[in-house]
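Subject: The structure to look at

Hi,

Here is the structure I said I would pass on.

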Amino acid sequence: MDTDPEADTLWNFMSAWRAAFVDRWLRAGEALNTARFREKPETALLQEAIDAISGADSRFNDRRLGHWLQKHRQVPVEGLRIVTRRTRTGQTEYRVESLTPPAKPPDTMCSSPADRLHRYADLLGDALPLLLAASEPSH
């Protein structure tokens, strides 16, 4: 099966962005400066992805990155996509979001004391009668 180099480049960029920024909204220039000037493994991956986009062109700037991000916004690749929003000052911010919803945490809250008692009884299983017998006052 042949792979699509553009989709690979896009996915590499989006996964590196997620590793560096998680769910933060950033302007193109903020992302570019972070990738270039922060010495962290996550930002090194992002810089590699930006180099792949720019062809390692030293003139690649925030405006060019912004155009590239706009061109690829809303394009889903392997469960990720670039989304945009406008700030109150009219600037565009970007984020890479996951298309798969986060896993729902287990329901640890019970609606009533009786529900909690039944839940604990299920957790304790056969040990419950022994614990109840041990907790009864002796005469």
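Below is what turned up, starting with the overall layout and ending with a few single residues.

First, some ground rules: this is a predicted model, in which local features need pLDDT of at least 70 and side-chain atom pairs count only at pLDDT 80 or more, while totals for chains, interfaces and linings use all residues. Residues are numbered from 1 along each chain as its sequence is written, and side-chain values use heavy atoms, with hydrogens and water left out.

The layout

The chain has 6 helices and 2 strands. Helices (H or I, at least four residues) and strands (E, at least two) are DSSP runs, numbered from the N terminus. Going along the sequence, you get the pattern α-α-α-α-β-β-α-α. Of the 139 residues, 27% are buried. Here buried means under 20% relative accessible area, exposed means over 50%, and partly exposed is in between, with a 1.4 Å probe and protein chains only.

The two strands

Strand E1 (residues 80-86) pairs with E2 in the antiparallel sense, over 7 bridges; two strands pair if DSSP finds at least two bridges between them. To find your way around, look for Ile-82, which sits opposite Val-96 in E2. The hairpin of E1 and E2 has 5 residues between the strands, and Gly-90 there has a positive phi near 90 degrees.

Salt bridges

The whole structure holds 7 salt bridges. One counts when a side-chain nitrogen of Lys or Arg is within 4 Å of a carboxyl oxygen of Asp or Glu. As background, side chains of opposite charge can pair when their charged atoms come close.

Glu-97 counts as buried because its relative accessible area is 15%, whereas Arg-81 is partly exposed at 25%.

Here are some others to find:
- Asp-23 and Arg-18 meet at 2.4 Å, N to O. Asp-23 is partly exposed at 42% relative accessibility, and Arg-18 is partly exposed at 22%.
- Glu-30 and Arg-27 meet at 3.7 Å, N to O. Glu-30 is partly exposed at 29% relative accessibility, and Arg-27 is partly exposed at 32%.
- Asp-57, Arg-59 and Arg-64 are joined in a network of salt bridges.

Gln-74 is in the loop between H4 and E1. Gln-74 isn't a glycine, yet it has a positive phi of about 65 degrees. With 44% relative accessibility, Gln-74 counts as partly exposed.

Glu-78 is also found in the loop between helix H4 (62-72) and E1. At 69% relative accessibility, Glu-78 is exposed.
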